[in-house]
Amino acid sequence: MLRHWLWGPCSPLGLIVALLTLLADQANKAWMLYVYDIGAKQTVTLTPFFDLVLVWNKGISYGLLPQDSSAGRLGLIAFAVLASVALIVWLARVTAPLTAIAIGLIIGGALGNAIDRAVYGAVADFYAFHAFGFEWYVFNIADVAIVAGVIGLLYDSMFGGHKKAGNLSKM
């Protein structure tokens, strides 16, 4: 019974994507922190619109809901783990490869950022885009994976060939 809840036809694909995403995120963070040593550098300008900089994010996206307490940090870790478990349950019911890939990207990104919170107390972000006086938030590979996963889910929900509820003659 438990296997039915946690394993489905696209589970291998989604979980491989999640694992690769997690490994890429953690390897990139380790390289940026310990090899490139971004913490010892000031902002590194790569282009007129893209910089490398170390920002420790104690909150969620855009630094919202900063959590300075251990309880708050543990709450965000628990939320990421529970959301990942819920996504694994969803993945077990998925039959479309695009949906499985999208869910895998979100799982890998969520767990990558949860590991940062557990190890460092905050999420390490490095990449900053800016143009015309506007600065986007500083992000990491896990954040990119989560956004790409959400875009994949939105695309699949709009154009994935799902049956339309309003057109009963084609159901």
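Predicted model: local features only at pLDDT ≥ 70, side-chain atom pairs only at ≥ 80, totals over all residues.
Strands E3, which covers residues 123-131, and E4 run antiparallel and are joined by two bridges. In general, the strands of a sheet pair through backbone hydrogen bonds, and the pairing may be either parallel or antiparallel. Here the sheet is an open one of four strands, arranged in the order E1-E2-E3-E4 with antiparallel pairing. At its edges lie strand E1 (44-47) and strand E4 (134-135), each of which pairs on one side only.

Helix H2, made of residues 11-35, packs on this sheet and touches both strand E2 (50-57) and E3, and the direction of H2 makes about 85° with that of E3. Helix H4 (residues 97-120) also lies across E2 and E3, and its direction runs at about 120° to E3.

The next step is to ask how these helices meet one another. H2 and H4 pack with their axes 7 Å apart, at an angle of about 35°, and the crossing in which H2 passes H4 is right-handed. When the residues in the contact of H2 with H4 are sorted by class, 14 are nonpolar, eight are polar and three are charged.

H2 has a further partner in helix H5, which spans residues 141-159; the two helices pack with their axes 8 Å apart and at an angle of about 150°. Because an angle over 145 degrees counts as roughly antiparallel, H2 and H5 are described as roughly antiparallel to each other. On the side of H2, the contact is made by Thr 21, Ala 24, Asp 25, Asn 28 and Lys 29, while H5 contributes Ile 141, Ala 142 and Ala 145. Sorted by class, the residues of the contact of H2 with H5 divide into four nonpolar, two polar and two charged.

Side chains of opposite charge can pair when their charged atoms come close. The side chains of Asp 25 and Lys 29 meet in a salt bridge, with 2.8 Å from N to O, and the count of salt bridges in the model comes to two. Both Asp 25 and Lys 29 lie in helix H2, where they are four residues apart, about one turn of the helix.

Terms used:
Residues numbered from 1 in each chain as written. Heavy atoms only, no water. Pairing = 2+ DSSP bridges. Contact = heavy atoms within 4.5 Å. Axes fitted to C-alpha atoms, helices over the stretch in contact; angles between N-to-C directions. Left-handed = near helix turned anticlockwise from the far one by under 90°. Nonpolar A, V, L, I, M, F, W, Y, C, P; charged D, E, K, R; others polar. Parallel < 35°, antiparallel > 145°, perpendicular 65-115°, else oblique. Salt bridge = Lys/Arg side-chain N within 4 Å of Asp/Glu carboxyl O.
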